[in-house]
Amino acid sequence: MPIDFSNPLSVFTLVLRIAAIGVLIVSVETLVRVEVFRNDGLMSWEVGCLQRPIMVRGAFGWALDRLLRYPNVNALLAVRAALAAAIIMGPANWVRSPWLVCPTAVVILLLTIRHPYGQDGADQMTVIIFIGAGLTLLGREPWVIKVYLWFLALQVCLSYGTAGVAKATAAGWLDGSFLVGIAASQLYGHPRAGQALSVRPVLSRAISRSIVVWETAFPLVLITPRPLAYVIVATGVLFHLSNGVLMGLNNFLWLFVATYPALLYCLISRGW
Amino acid sequence: MTPDFGPMLALVAATLLAFWFLLSLLVLIPRFRGRVRRWAMSFLVPEWKFFAPNPAQGEYHLLFRDQLADGTVTPWTEVTFPHNRRWWNVVWNPEKRANKALFDAIVSLAGEVIACPAGLVASIPYLTLLSYVSRLDRFSTPAFTQFMVLHDFSSFMHREPALVFSSDLHSL
């Protein structure tokens, strides 16, 4: 069935369903590699709880400890996976229900605060999407959904724009050397891409500058005539797809692309 | 008659979303960054850097060695995780969490070494790495352990790995 991008409720549902796919994947990924959350793992609660005094003090600290210590955290991961599956496959009125979205937001928040390391921009976008959606549904008025969709569109524009401007100030991004360094790294690199870019400085400079220009100019999508704006949004999908293949950033694909229906809604609702 | 709180709740929700976005803008202004960071947690108001302006170059390596009860010191052993990029990582990449956690801890430790050397041993990155290497499986039963972080540029520069940090011996 085609999606009506002028209908805020349909767009809201689509945003949450796409984002929930990313949440489900990351939940299952974590469950199959849960050793990282164990007390002998790199994201142990024994160390993570020391981030702030409030996390170990009083009734709040006690409750956090019961929820986030290993192996109890496994149950929280399973609950997050189940809630995400319900959002993906459940009927639309489930996705618009605070009884499903608010618990999902709370579980996501708990797992986010558990340890300061091991998280990336996709996890941050998860928080923005689901905490924002929870707030929106508590608002209970249809017009708050429109505010939420604009909020998401502005957040995604801000994310790309900020990163683009920051890159534009670095000589290494303009000459392509940083891109070669990332492509050659073990964590985010790709052996063949790294090798190919390291011997083709003109190509790496061209790709690097294209990324800088694309990210910096992305916020203009909100004031660009619609056909061109659609092209910019489509290039965003390709951008995250290539980052998934080359850098292993699979969740950026789902979590950032989940905000694109909100962008499309904004493009249509602005009236020109 | 039950009062209708709907319009008020809607107004509160919309105001919170607007305020959240305002904080997301303010955190980008150096003058307000510190205050916003203290007030809101970083996961609520991210700075969206995406490898900018200067991505970490080269590789960081975490190594550890033990001192046994008889005083013998074992050779340095590197902590490694699977890294091979596969085509299916575009949909399924369960290894990234541990790799990123190790990377974050090491980069944070490198920052703490410069910013706050006095409080280093009580810092989260130090405790994360010490706790982790202390509990790794071993063939022997050591009395003490020590860890070290190296920064290696060899993949694109012909330079020896540089020592970022070496811990004291810690009792196990």
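Helix H4 (residues 124-134) of chain B has these buried residues in this predicted model: B:Pro125, B:Tyr126, B:Thr128, B:Leu129, B:Tyr132 and B:Val133. They lie on the same side of H4(B), because they cover an arc of only 165 degrees around the axis. In general, an α-helix has 3.6 residues a turn, so residues three or four places apart point the same way.

**What the buried side of H4(B) packs against**
- From chain A, helix H2 (45-48) packs against the buried residues of H4(B).
- From chain B itself, the partners are strand E1 (59-67), strand E2 (77-79), helix H3 (96-115) and strand E3 (144-152).

**Where the two chains meet**
- Chain A brings 61 residues to the contact, and chain B brings 52 residues.
- Several helices of chain A each supply at least two residues to the side that touches chain B, among them helix H1 (8-32), H2, helix H7 (121-139) and helix H13 (226-247).
- The biggest giver on that side of chain A is H8(A), with 13 residues.
- By class, the side of chain A that touches chain B has 30 nonpolar, 23 polar and 8 charged residues.

**A helix pair within chain A**
- Helix H4 (residues 72-89) of chain A packs with helix H6 (residues 98-113) of chain A at an angle of about 145 degrees, and their axes are 10 Å apart.
- The crossing of H4(A) and H6(A) is left-handed.
- Residues of H4(A) in this contact include A:Leu76, A:Val79 and A:Arg80, while those of H6(A) include A:Leu100, A:Pro103 and A:Thr104.
- This contact of H4(A) with H6(A) is made up of 12 nonpolar, 1 polar and 1 charged residues.

Conventions. Residues numbered from 1 in each chain as written. Chains lettered and ligands numbered in written order. Predicted model: local features only at pLDDT ≥ 70, side-chain atom pairs only at ≥ 80, totals over all residues. Axes fitted to C-alpha atoms, helices over the stretch in contact; angles between N-to-C directions. Helix = DSSP H or I, 4+ residues; strand = E, 2+ residues; numbered from the N terminus. Left-handed = near helix turned anticlockwise from the far one by under 90°. Contact = placed C-beta atoms within 7 Å. Nonpolar A, V, L, I, M, F, W, Y, C, P; charged D, E, K, R; others polar. Buried ≥ 20, exposed ≤ 12 C-beta atoms within 10 Å, placed from the backbone. Arc of directions from axis to C-beta.
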